[in-house]
Amino acid sequence: MDDPEHPASIMNDELARQLTPAQTKAVFHIDGPLLVIAGPGSGKTRVITYRIAALIDAGIRPHNICAITFTNKAASEMRQRTIALGTAPGAHISTFHSLCVTILRRYADKAAIQPNFSIYDDSDQTKCIKQAIKDCELDTANFPPSRCLDTVSALKNSLIDPDSFKNNADDFFSKTLAKVYMRYQHILAERNGLDFDDLLMKAAFLLRDNPDVCSELGNRFRFLLIDEYQDTNHAQYKIAKALVSSHNNICVTGDPDQSIYRWRGADIRNILAFENDWPNAAVVKLEENFRSRPEILRIADALIAQNKNRKPKKLIPVKPPAANITIAASEDESQEAQTVVQQVKDLTGRGAALNDIAVFYRVNAQSRALEEAFIRGQIPYQIVRGVEFYNRKEIRDILAYLKALVNPDDEIALLRIINTPARGIGKTTTDAVRAYAASNNIGFFDALKKAGDIDSLSKAPKAKIAVFVNMLEQFKTHLTDPVAALAERVFIDSGLKDLLQAGGEEDKDAVENIYGFISKAAQYDRQTENPTLLDYLQQISLFTDVDAYDTSADRVALMTLHSAKGLEFENVFIVGLEEGLLPHERSDTDNEDELEEERRLFFVGITRAESNLFISYARYRTIRGQLNRAIPSRFLYELGEDFTNRNVENQCCYDDAESQEIQHQALEKGDLVRHDSFGLGTVREFIDMGEDSIAVVKFNTGQTKSIMLKYANLSKI
DNA sequence: CATAGCCGCCTTTTT
DNA sequence: GGCGGCTATG
């Protein structure tokens with residue numbers, strides 16, 4: 001579909017002729033707000049790319065264009081494509097988070113932060129929130145760190161700062177949580193760290209409180225384009241609104257049916273209410289689908305039509321019919337994986353390339369069984385996962401060294417490296433230094449420098465600390481060296497390399513990984529105009545493995561349904577279509593909104609497929625080491641009458657003897673029931689499918705389960 | 001102060 | 001079945 005080799009610029013007639021009328025309108029309607037409602041496979045990304053080119057062709061300087069994508073990968077692809085269209089480079093194309101880093105660094109003083117901030121990831125955040133809970137003298141049993149973090153994250157995404165949260169807290173729990181939030185922010189500030197949500201919140205507050213910054217940025221970015229607008233949260237919405245307040249040249253594209261990040265604060269109302277926010281907005285709908293065969297679109301359509309809370313939208317196929325859709329049942333997850341591998345072999349036998357094949361699943365844990373099957377079947381694959389690479393111990397170690405050089409207040413980084421490799425500086429010593437830092441109101445690194453003055457320390461640890469401090473100071477004299485050179489110096493001179501080389505086979509991989517890291521840094525040094533260590537560290541904090549996913553490598557891609565957004569494949573497998581997995585049990589299926597989001601997730605998966613779609617579920621699945629009986633997902637029955645009858649039920653061959661014995665029993669919502677192992681519960685939902693009927697029961701243990709009546713002995717009371 | 005071994009916790013999805 | 005954190009031991 002794309003034509004990156006075309007040498008001409010966008011205004012070239014021939015290129016313009018490749019666009020549909022709707023696409024043409026979206027590309028060339030240049031002034032004022034524009035909403036592009038674009039279904040899956042409608043060439044949305046292509047439209048944005050052409051639009052950037054069209055703006056430049058119309059005389060807008062690339063420098064004045066800002067495009068926001070959902071992932072770094074999408075950003076770098078878009079950069080390449082605009083250049084391939086023959087337009088000048090220089091447009092700012094990045095994610096919201098990267099844009100905020102840029103803004104916060106430039107206006108650090110006005111945002112009341114230091115520009116050399118560290119970006120705190122998940123595990124750093126967990127450490128800080130645990131500290132905060134402890135400082136507030138609370139028990140982690142009543143205030144679990146993960147719950148607290150989730151709440152804090154939601155507050156930040158809604159732009160509620162600790163003070164206003166505290167002022168509005170009226171019950172005991174909120175008041176206590178307000179203290180934790182306050183303390184957590186205080187700890188981050190002390191360490192000169194920002195978490196992911198801070199990047200958005202601080203940028204939003206900066207723009208809110210500084211009209212001059214707002215208009216300066218409005219001048220800089222005279223055209224703002226936002227992709228995947230259905231997944232913006234409140235903070236991002238406010239940032240966008242502030243950025244265009246002086247000119248209203250905003251163009252957003254998205255699809256409400258593909259909104260799958262509600263749990264992260266995404267607010268689908270942002271796209272639904274776009275025309276209220278910008279009343280003179282032009283609206284373009286892209287409903288033609290250039291990606292999938294009509295059979296695939298038909299079941300996608302039938303599925304998504306089950307969502308009540310949506311604006312109806314058709315998927316109009318352009319390709320002729322020729323799809324293969326299969327629903328297969330397996331005994332368990334390893335057999336399911338084996339079936340996938342077998343099917344992959346069939347496909348490649350018929351000439352399919354491995355990178356035309358993808359396998360999607362709901363949770364990362366499902367990748368294990370698949371991985372084993374692919375290894376056994378000797379089929380090259382790549383798992384596209386969140387932050388695998390940067391989460392490795394050795395990478396975190398070297399990163400901690402580099403972070404500590406840039407941001408001496410980063411206590412987490414310093415504590416990580418102070419005794420790695422072992423320098424005889426243990427907990428007793430570091431506790432004494434921390435106490436000294438706290439009582440003298442200085443940073444951890446300053447306290448280390450003054451370790452000689454700490455009375456509670458004896459001579460030996462003082463000397464060891466001095467050696468450590470000298471080493472870091474020595475590294476700091478090389479701060480302006482190329483990042484790769486500095487990273488290698490640190491790796492060798494810190495003793496990390498010797499430590500790893502003395503180790504076993506696993507540590508050999510670790511050395512390899514660090515050299516992989518160094519060559520990535522070298523690539524950064526080469527490709528960046530003004531490379532600095534600070535910039536590099538802040539950039540890679542926002543980088544995930546998904547961004548490193550190599551679409552051209554001849555390997556089957558394995559990823560979660562969430563990661564699949566924006567991608568397309570000739571052949572798609574979706575595994576684990578079971579109650580509890582898709583829809584996931586952690587999403588409250590009583591809550592219509594959450595159930596609908598799970599349905600959209602399945603919809604996103606289906607609409608990635610061009611021609612061949614394989615859907616599968618297992619009758620048994622091992623979850624956390626426990627073998628569980630699985631029930632086919634309710635979504636399978638929503639794929640359309642003819643399709644469901646022909647495929648699901650015929651393939652659901654339950655031949656267990658016990659199924660004969662249990663007679664069909666009708667239940668109703670509200671019925672009190674007893675289960676052999678879960679005890680008493682209340683029926684929340686009853687899906688009557690004859691002998692395949694399913695009851696969704698909320699048990700008194702607190703858990704909600706979907707029970708297939710013919711398997712479980714569920715008696716009505 | 002370092003290390004090994006054990007206990008208990010959690011596990012949706014990601015920038 | 002995996003990891004972080006704690007404890008007991010050297």
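**A protein chain and its DNA strand: a short briefing**

A polar side-chain atom of His97 lies 3.1 Å from a base oxygen of DNA strand B, a polar contact (a pair of N or O atoms within 3.5 Å; within protein, one must be able to donate a hydrogen and the other to accept it, and residues adjacent in sequence count only if both atoms are side-chain atoms). This is a predicted model, in which local features need pLDDT of at least 70, side-chain atom pairs count only at pLDDT 80 or more, and totals for chains, interfaces and linings use all residues. Residues are numbered from 1 along each chain as its sequence is written, chains are lettered from A and ligands numbered from 1 in the order in which they are written, and side-chain values use heavy atoms, leaving out hydrogens and water.

**Around the DNA**

- DNA strand B has 23 residues around it, and Arg362, Thr428, Thr429, Thr544 and Arg624 come nearest; here a residue is near if one of its heavy atoms lies within 4 Å of the strand.
- Sugar or phosphate accounts for 54% of the atoms of DNA strand B within 4 Å of the protein, and bases for the rest.
- The side chain of Trp263 has an N or O atom 3.3 Å from a base oxygen of DNA strand B.
- At Ser563, a side-chain N or O atom is 3.2 Å from a phosphate oxygen of DNA strand B.

**The chain as a whole**

- Chain A has 30 helices and 23 strands, taken as DSSP runs (helices H or I, at least four residues; strands E, at least two) numbered from the N terminus.
- Of the 717 residues in chain A, 54% are buried, meaning under 20% relative accessible area (1.4 Å probe, protein chains only).

**An open sheet**

- Six strands form an open sheet in the order β3-β2-β6-β7-β1-β8, with parallel pairing; two strands pair if DSSP finds at least two bridges between them.
- The edges are β3 (92–95) and β8 (282–286), each with a single partner strand, so one side of each has no neighbour in the sheet.
- From one strand to the next, the twist averages 15°, with axes fitted as lines to C-alpha atoms (for helices over the stretch in contact) and angles running from 0 to 180 degrees between N-to-C directions.
- β1 (residues 34–38) pairs with β7 (residues 250–254) in the parallel sense over 4 bridges, and Val36 stands opposite Thr253 in β7.
- Helix α4 (residues 72–84) packs on the sheet, touching β2 (65–69) and β3, with its direction at about 160° to that of β3; contact means heavy atoms within 4.5 Å.

Note on methods
Buried < 20%, exposed > 50% of the residue type's maximum accessible area, 1.4 Å probe, protein only.
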